[in-house]
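Please find my notes on this entry below.

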Amino acid sequence: MNWDILIFLYLALAMSISSLLAVVSRNPVHAVLWVLVMILHQAFLLYTLGSEFLTAVQIIVYAGAVLVLFLFVVYMINLRKEERWRIFIQRSSLGLIVFLVFVVLFFKNLAFLTALSPSFQAALPMDLNQGTNLWWMARYLYSHYLFQFEIIGVILLVAVLGAVFLLRKLKEVA
C-alpha cells in the first residue's frame, strides 16, 4: 500500500467522522467546528489532487467566510433549549428518511467507485498542461456554466436576505 492510498484513506475517514459528528452534535457551535475540521481535510484532499487554487478557495471562502457567517447566525438566533428539542422530536422521522436515502446513495456511489480503476487524478475534460488551473477553471466556468453560476449568486443573495428578514422578525418578537 503506497502513501497516496494511505493519505486518501485518512482524509476520507477524517471527513466522514467529522461530518457525522457535525450532524449529531447537540451544540451548534461544536457542529460548526466539526464542519471546519471537515473543510480543512477536504482542502487537503483537493491539494493532493493537484488543485492548489481550489484548496485556497476552500480554505479562504468556506473555512473563513462561510463558517464565520454560520457562527454569526448561531449566535444571533440564540435558540432556547426547549425549542431545539421540540423541533428535533417533530422532525426525527424526516431525518431518518433523509439519512436512509443518503446511505443508499453512499453505497451506490461506493460500488460505482470501486468498479473504476484506481486513479487519483481527476477526470477533467481538458488538458491541464496547456494552462494553469485558475485559467482553465475560469474559462470552463464562465463559458459553460455562466448561467448556473449567476443562479447560484442569486440564490445566495436570497438566502442572506431571508436570514436578515428572519433575524429582524425574531428581534421584534423578543
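1. The crossing of helices α1 and α2 is left-handed. This is a predicted model, and the remarks here should be read with that in mind.

2. Helix α1 covers residues 3-24 and helix α2 residues 28-48; their axes cross at roughly 160° and come within 8 Å of each other. Angles over 145 degrees count as roughly antiparallel, and α1 and α2 are therefore roughly antiparallel to each other.

3. Which residues of α1 and α2 make the contact? From α1 the contributors are Ile7, Phe8, Tyr10, Leu11, Ala14, Met15, Ser18, Ser19, Leu21 and Ala22. From α2 they are Ala31, Trp34, Val35, Val37, Met38, His41, Gln42, Phe44, Leu45 and Thr48. By residue class, the contact of α1 with α2 holds 15 nonpolar and five polar residues, with no charged ones.

4. Turning to aromatic pairs, the count comes to four. One of them joins Phe106 and Phe107. Their ring centres are 5.3 Å apart, with 75° between the planes, and the pair is edge-to-face.

5. Tyr142 and Phe149 also form an edge-to-face pair, at 5.4 Å centre to centre and with 80° between the planes. Tyr142 has 46% relative accessibility, so Tyr142 counts as partly exposed. Phe149, at 35%, is therefore partly exposed as well.

How values were computed: Residues are numbered from 1 along each chain as its sequence is written. This is a predicted model: local features need pLDDT of at least 70, side-chain atom pairs count only at pLDDT 80 or more; totals for chains, interfaces and linings use all residues. Side-chain values use heavy atoms; hydrogens and water are left out. Axes are lines fitted to C-alpha atoms, for helices over the stretch in contact, and angles run from 0 to 180 degrees between N-to-C directions. Helices (H or I, at least four residues) and strands (E, at least two) are DSSP runs, numbered from the N terminus. Angles under 35 degrees count as roughly parallel, over 145 as roughly antiparallel, 65 to 115 as roughly perpendicular and the rest as oblique. A crossing is left-handed if the near helix is turned anticlockwise from the far one by less than a right angle, and right-handed if clockwise. Contact means heavy atoms within 4.5 Å. Ala, Val, Leu, Ile, Met, Phe, Trp, Tyr, Cys and Pro count as nonpolar, Asp, Glu, Lys and Arg as charged, and the others, Gly among them, as polar. Rings of Phe, Tyr and Trp (its six-membered ring) pair if their centres lie within 6.5 Å; planes under 30 degrees apart count as stacked, over 60 as edge-to-face and the rest as tilted. Buried means under 20% relative accessible area, exposed over 50%, partly exposed in between (1.4 Å probe, protein chains only).
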